[in-house]
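This briefing concerns selected residues in a structural model. Please consult the sequence and the structure while reading the points below.

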Amino acid sequence: MPGVIKCLTAKLAGRYVSYSDKVKSGIYRPEFEKENCGFGLIAHMDGKPSHWLLDTAIGALARLTHRGAVAADGKSGDGCGLLLGKPDAFLQAAAGELGFKLKASYAVGMVFLNTDSALADAARTTLETELRAEGLDVQGWRTVPTDNSACGKEALTSLPVIEQIFVNAADDMDTVAFERHLYIARRRTEKALEPDDEMFYIPSLSSKVISYKGLVMPEYLPVFYKDLGNQALATNLAVFHQRFSTNTWPQWCLAQPFRYLAHNGEINTVQGNRNWSVARGHKFETDAIPMDDVRPLVSMSGSDSNSMDNMLEALLAGGMDIFRAMRLLIPPAWQNVENMDPDLRAFYEYNSMHMEPWDGPAGVVLTDGRYAACTVDRNGLRPARWVMTKDRHITLASEIGVYEYAPEDVIAKGRLKPGQMFAADTETGQLLLPEDIDYLLKARQPYKKWMAEHSRHLESKLEQSHLTGSMSNEQIGIYQKMFQVTYEEREEIIRVLGESGQEAIGSMGDDTPFPVLSRQVRSPYDNFRQQFAQVTNPPIDPIREQIVMSLETCLGRERNMFEETPEHAARLLVDSPILSPVKFQQLLELGRHESDYDTATISLNYARGTDLQAAISDIANKAAVAIQNGKVVLVLSDRDISEDTYPVHALFATGAVHHHLVREGLRCDANIIVETATARDPHHCAVLLGYGATCIYPYLAYECLHDMVRSNMIEHDNVTDLEGNFRKGINKGLYKITSKMGISTIASYRGSQLFEIIGMHQDVVDLCFTGTTNRVSGIRFSDFEADQKQLCKLAWNPRKKIAQGGLLKYIHGGEDHAYNPDVVNSMQEAVKSGDYNKWKVYTDLVNTRQPLNLRDLLKLREDTTAIGIEDVEPMEEIVKRFDSAAMSLGALSPEAHQTLAEAMNRLGARSNSGEGGEDPERYGTIRRSKIKQVASGRFGVTPAYLRSAEVMQIKIAQGAKPGEGGQLPGHKVNELIAKHRYCNTGVSLISPPPHHDIYSIEDLAQLIFDLKQVNPDGLVSVKLVSEAGVGTIAAGVAKAYADLITVSGYDGGTGASPLTSVKYAGGAWELGLSETHQILRANNLRGKVRLQTDGGLKTGLDVIKAAILGAESFGFGTGPMIAMGCKYLRICHLNNCATGVATQNNILRSKYYSGEVEAVMNYFRFIAEDVRQLLAGIGARSLTEIIGRTDLLEALDGYTGKQQSLDLSALLSDAGVAADAPQFCMQPFNEPFDKGELAEQMVRDTLASIENQSGGEFSYVVRNINRSIGARLSGEIAARHGNLGMADNPITLKLTGTAGQSFGVWNAGGLNMYLEGDANDYVGKGMTGGQLVIRPPRGSLFKSHETTIIGNTCLYGATGGKLYAAGLAGERFGVRNSGCHTVVEGIGDHGCEYMTGGLVTVLGKTGINFGAAMTGGFAYIYDEDNSFIDSINQDVDIYRIMPEHMEAYRNHLRKVIEDFVKETGSERGQFILDNFSDRIGKFWLVKPKAAELNSLMDDLKRRAA
Amino acid sequence: MANNFQFLEVERRDPEKKSVEVRIQGYGEIYGEFDAEHAREQSERCLACGNPYCEWKCPVHNYIPNWLKLVAEGNLFEAAKLSHSTNTLPEVCGRVCPQDRLCEGACTLNEPGFGAVTIGNVEKYITDTALAQGWRPDLSAVKATGKRVAVIGAGPAGLGCADVLVRNGVQPVVFDRYPEIGGLLTYGIPSFKLEKDVMKLRQTIFEEMGIEFRLNTEVGKDIDMQQLLDEYDAVFMGMGTYSYMKGGFPGEDLPGVYDALPFLISNTQRVLGESEDCIDMQGKRVVVLGGGDTAMDCNRTSIRQGAASVICAYRRDEANMPGSRREVANAREEGVQFLWNRQPIEIVGNDKVEGVKFVTTALGEPDERGRRRPEPVAGTEEIVPADHVLIAFGFRPNPPAWLADHHVNIDERDRVTAPADGEFKHQTSNPKVFAGGDMVRGSDLVVTAIFEGREAAEGILDYLEV
């Protein structure tokens, strides 16, 4: 959720000192703010108001407290609120007391006024005036009775004056008109007041709903707002919300719900959506509203949810109905859903042509007073469960079980699936299920007919390559030099894309400088670092969940969305924004004949003598003029280079034109086609699209392919194929880049500016990249101009050749590399010999190098007083702060992995297991890894594994490829690896891009809670990667009770990933660490967590600088690898590491690995010795003394013009935080607010039975607030008896009620739990043994196989045990299961994704995309209506079980169902057993393509043994 | 698809080497040539390291991994093109470079024991084969600038310079006092390491490229420096180092004591048929003093001339000798005996050489170049009998006297001052005069001389504003 600091765009500070003012000198920016939350709605279907409903809503909010953030005083939260159906009787009475005369049609506004009475008076007057101007009758103001004792300290500092205004409609006004006039009056008022009054805000002004919200905890809401405690207040519906913000500085106005909706999730594309709302604002025309008075429609700051609410409001005010409006904002996935109803598909396609989705994880509850509705995003990333009871109440919330109802009163229960919307109509009493709403929408207009008749596709026919390849050798040489194509780029990037259709893979991260530090001419694209999702929103797997992804691009003018006409369909569609030569020609051709596509080509080459900035502005002006003259397609072309001109870089031109057109209101009339030599890899294309390009024609890349064919560099006779492959590779890369930010469609990505700029001057950003984060200043227009002139000189000089390269690998005369051959060799000599003098050779090379990282421009002050080295803490103390970075067994050879572990342990430091389990034989020995990693693949994560840890690290992202998953190729998965990862040998193992149990910050809090439950003595660490905003995420992580936080830099990273990820994602740790340290201090959280950094740390000086910037702990990855003999070959992904460090090849490991424990220890001892000497030099006795002491550093001027343009002062700022605020962690643990009292009770009750292995049966009642039930016991069991040691004498828990999240998480053998009721998300996550049985309460009326009983992402990473659930499971059931056997009665989308083992039996419906990336185990699916075949992913095969040769499976299945029925009493199961012979024909056996049919049963038996 | 495990599955294999019996009978090269398959198989062993240590160690920074890949892919002509983009004489470097100390020594595969990629032989293969198949440097796009540069010395530095100049449209005219091009390549390096046809072919190619040679023309004798300065836009000097280092012990002037270079040159001239006069070791007991590549050349030439015995004595141990290990091995195979840790203190004899008096040494602390200093051990003197002694202690610069007349400065060690990082690379104190190679650096490798010649050409081009 980017952007929160002000609801209003106020510039003048009132009395209230905003947080942004406090920290503005630091490196934090308010737009980094994120939030997630719990939410819900409750409504009486027939609109019958009651106070009970209000109480229930507040009670439900309180039972979602664990989804919000809580301050230590138990009062200060991040805000919560209620949006109520207008409580008519109560308001009438209140008005009566005040002598107001209300008409039948009246509205009440909830208003936050400034505490400055003059400002408040002005606000009242303005609002009254505007309302009257709309013909409305203002009756007066009511002071809302409040009790400030309900507020915490922070809340009070910003508490506004809260009043209500009562307004009568004009006599002849209907409700629709009345609402519209209220809207106009409100907008005018806001626009008038915003500049001068920061506190003024109108939470609601409506004749239908009223908002009560604020910065209090849910249970204090009725205390603070006395109205809510008043029994007379009765309402028929309530939408409720509790906020979990990553920052603790609160904002009254940002509490939710907003005027229509409450949102749980994050709009990833909000910046683009906002810009487009400005651009499109001019397209919205309706006679009903004076549009100029209400524009801008959407707040450009504030929270994303707030902006979305604005947009929804604008659409409704313009006359759109609530369903179409909501489906426009958050459509389901439709582009790739093959079996979607064609009419419905046409509805979405038609509507997509005029508005891009607001994309990101979203659960939205909303009401307009009549409908109470909920919708979830296309990926179903936020849970929403509903219950309908006999008394006609419907409740929906993030969790099931948020209020008490008798099981026998429940008529129906369910959940919203991905992309679905549902609503209760309180006027008609009708429940509109998703199908009903779909039907309403598709039947509105003949969309399919309109689309068929008017829309067109730009399609490739038989493509001929003669359209490109037109350049001569000489020409292509000039272009390559002008636009910096190197031999390396041709060979490693363009050729690979052309030959294989995918990006090249690289290893070992990026060790080159940012352009601003470099002494080479670098592409402006290199200044842009891709943003990626971490914690507050999940990345998507664009390969396995391709079904939600789309690159479809629409050309032509946009039209007014308030109208629906056949002509709205008259647009031109193209599958991908990367144009082939033929499509580009077709488009130009079209422009010659049709005025709707009239084309203007604007040259990016400008005459010498003009300056760059003027040239860019000139291009932008030309573009605007062209559009005003009726052109539609703008081609920005750098093709016509000449010796008399310089090219404007296409990126500058694109951004400047886009922003200029947005500001001028012309953008939606134009398409920007960039014909450029500069775009040659996915990142280049993504940056262009991110700054507004509609399509890209990368002609030079095509020319290079032709040239390589001509010179036999590529042996291929069909260049058209190569061009096609190239586009395919770019498209895949675009999917990867957008999905890494959690964005599914290129339409939403376009213009969303999801980059951090590092090292550009603000003038450049303001003109070309308006609004992009840019924190350290840097390269000026004049520098870019000088660079381009240099390239021109080179280009037109025939004696200069194209450069060899050097950005990927070290090349003499090319770009600097931090791990160049001298550095590697000298370090190895030093650590092998143990000679500190040789180490000095190494440190001299590193510490005196040309500036290559930001820290190289920071210098220790020399005016300090030195102390004797004997007074400095000993080396042994310092090395305790060192961790080795996570490198899995799988990435490293077992020999290297153990060398590292032993070295760290002998030093008293810690090594990190990485993802991939650990041999239990190493537990407790000198070879164990003290840090156990929990990554998205959850390989080998069992209760015993977790109990063996001192630290449990949740890897959210890794430096080399943040936002991406990983893959261990099958050839690396040998017996040993397979054993520890609980999978079969030889199959590829995939780690998903997201943790499927972390889609938001409250989910992370849950996982942390899960881990602390299973291992209460362990610390939980969360590994993040530096990017703009990582500090606020870290603050959220601290509030989620992590004990340690790691902020990694881009330059670390040993993993394999596509080269564009290596080069362009992830920020510098210097920025991320400073931001995190500053923001944690500002929020009073720094004393609660330990902070670590890693990323290219090489010497003691690096450690000292990191400590000064705020770290108290330090991670090392590449360094110790090199100490073990790694030569920085960057071939780790090929399994052929010649040094035996990063390979599983037996010969390489056994014969050629030469790593020594002693060498690794020398490495760390030497660094510690460096640290001691430096500490002595600055007069500090210990590292602790210098943490956060930024006064000890000073910024250097730099040695080049570009370096001198940097401003690093923000790094060295105290961000306005009091000096006495803690600089480092002051407490041993970050204790969760939730004490898990029920779990502790269970431990007290059962501990004796566990210790004696005697088993026993115990009974408890559970509620949704009892989370991670079972984990405490499993931890105690595993600690004493291992994962399965108590399986023969189990403890049995009999439970009733609704279990909170993570029921049975990390379940160990020896714990069996029987739950009568239902459960929330993550049931059986990471379970390794035991049995979980869940069945509906006795007396339930609903059919179990139609009713959701367990939530999303159950059995994620399970390695064994059994789960039986008599009901439906949610989405992503069995994801990454590798051993659990389970039976359920139906599952949601993406079932068994990434599964590597185990058995899944589904006795009912499955959702789409079943078995994506499944490589092991198998499933039985009951397919009653023969629809399953549409649900499977291409990674699996299906077989019938009927045939003779499948008899073994038939018998097996029968036994499986019998066991299930025996445990659950399932009617569904019994029915199938009773009719087995005629039902068996409806079953499928599903197996991964990677496995053999005849080995499935054997595998099952072998694994069971 | 390349085999990532080629380095493990296929051993390092050089081309066939002629047997000792055969090779010492003549002066032909001892190594055979790769065929395409063999070259491909060996090239594919390259790991394409993230840090190309070979390229980093190579004095001209050849794009080794790139051309290895091209050879592995069978794209010979592109490999030749790429190879020539950093090196004027790749086929020569492939033969005479001490690869085991440079690229192959740095190869990642070398240290763990896989055996380095056969970089030298592939380099040689690329150019030999491409030229044999008719490939020629493509100068069709070169536009003549009308500028002319005189190059003094047709050795590696001069040729390197001329090559770069002609490719950029500047007319080089190369002067050399000898009748053949190549300088020490032709006269100093025995033909069993570098057959003379190689330079002949190269001369033809250079001439086809437009380089003009004025051979048998010594500047300062046959033509005046001033004339060059008057007639040309710039002058490049790459005249090498021809003064022999002396041991400074008694007996160095005795008859039968020869400096290495005259010995090697005379032998070459006889092989080339330029002269019949030759210092001949037939039937003699020969002692060669020194441990560098020149010493090995003397050893092996002596063997071929039919010496009765050849003993090579060096004052450090084998690990600390400067010469190529490969050459030591070849010499040993051919019958040379080595005496390590022997420092000559006198050449004994009456009127002619009778023997060499040595003292045994022990190695002390490393010196500034990292090599351990030999320290004499008292009481270990011995005399090794000899008929002839060849002294191969290296060379010092011998700048011509006329430099001063043209304001070209030299330093205290007689080296021409022409800094690589000056305003124009390798410009001397006379702006119009550039210099590179051994006469600037002091005696060094062939490949470094090539590199400096090429760099100087860049300096000249910049100076001439080409």
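B:Glu78 counts as buried because its relative accessibility is 15%, and buried means under 20%. The model is predicted. Two further residues, A:Tyr225 and B:Asp224, are then considered in turn.

**B:Glu78 and its surroundings**
- B:Glu78 belongs to helix H6 of chain B, which comprises residues 76-86.
- Leaving aside neighbours within four places in sequence, B:Glu78 is in contact with A:Ser711 and A:Met713 of chain A, and with B:Leu70 of chain B.

- In chain A, A:Tyr225 lies in the loop between helix H7 (221-224) and helix H8 (226-229).
- With a relative accessibility of 0%, A:Tyr225 counts as buried, because the term applies under 20%.
- Beyond its neighbours within four places in sequence, A:Tyr225 is in contact with A:Met110, A:Phe112, A:Val144, A:Pro145, A:Thr146, A:Ile162, A:Tyr212 and A:Lys213.
- One of these contacts is A:Pro145; A:Tyr225 and A:Pro145 are 80 residues apart along the chain, while their C-alpha atoms are separated by 6.3 Å.

- B:Asp224 is placed in the loop of chain B between strand S3 (212-214) and helix H13 (225-231).
- The relative accessibility of B:Asp224 is 45%, so this residue counts as partly exposed; that class lies between under 20% for buried and over 50% for exposed.
- On the surface, B:Asp224 gathers with B:Asp230, B:Glu231 and B:Asp405 in a patch of negative charge.

Note on methods
Residues are numbered from 1 along each chain as its sequence is written. Chains are lettered from A and ligands numbered from 1 in the order in which they are written. This is a predicted model: local features need pLDDT of at least 70, side-chain atom pairs count only at pLDDT 80 or more; totals for chains, interfaces and linings use all residues. Side-chain values use heavy atoms; hydrogens and water are left out. Patches are made of residues with over 30% relative accessible area and no salt bridge: like charges are joined within 9 Å, nonpolar side chains (Val, Leu, Ile, Met, Phe, Trp, Tyr) within 5 Å. Accessible areas come from the Shrake-Rupley method with a 1.4 Å probe; for residues, only the protein chains shown count as cover. A salt bridge is a side-chain nitrogen of Lys or Arg within 4 Å of a carboxyl oxygen of Asp or Glu. Lys and Arg count as positive and Asp and Glu as negative; His and the chain ends are not counted. The place of a charge is taken as NZ of Lys, CZ of Arg, CG of Asp or CD of Glu. Helices (H or I, at least four residues) and strands (E, at least two) are DSSP runs, numbered from the N terminus. Buried means under 20% relative accessible area, exposed over 50%, partly exposed in between (1.4 Å probe, protein chains only). Contact means heavy atoms within 4.5 Å.
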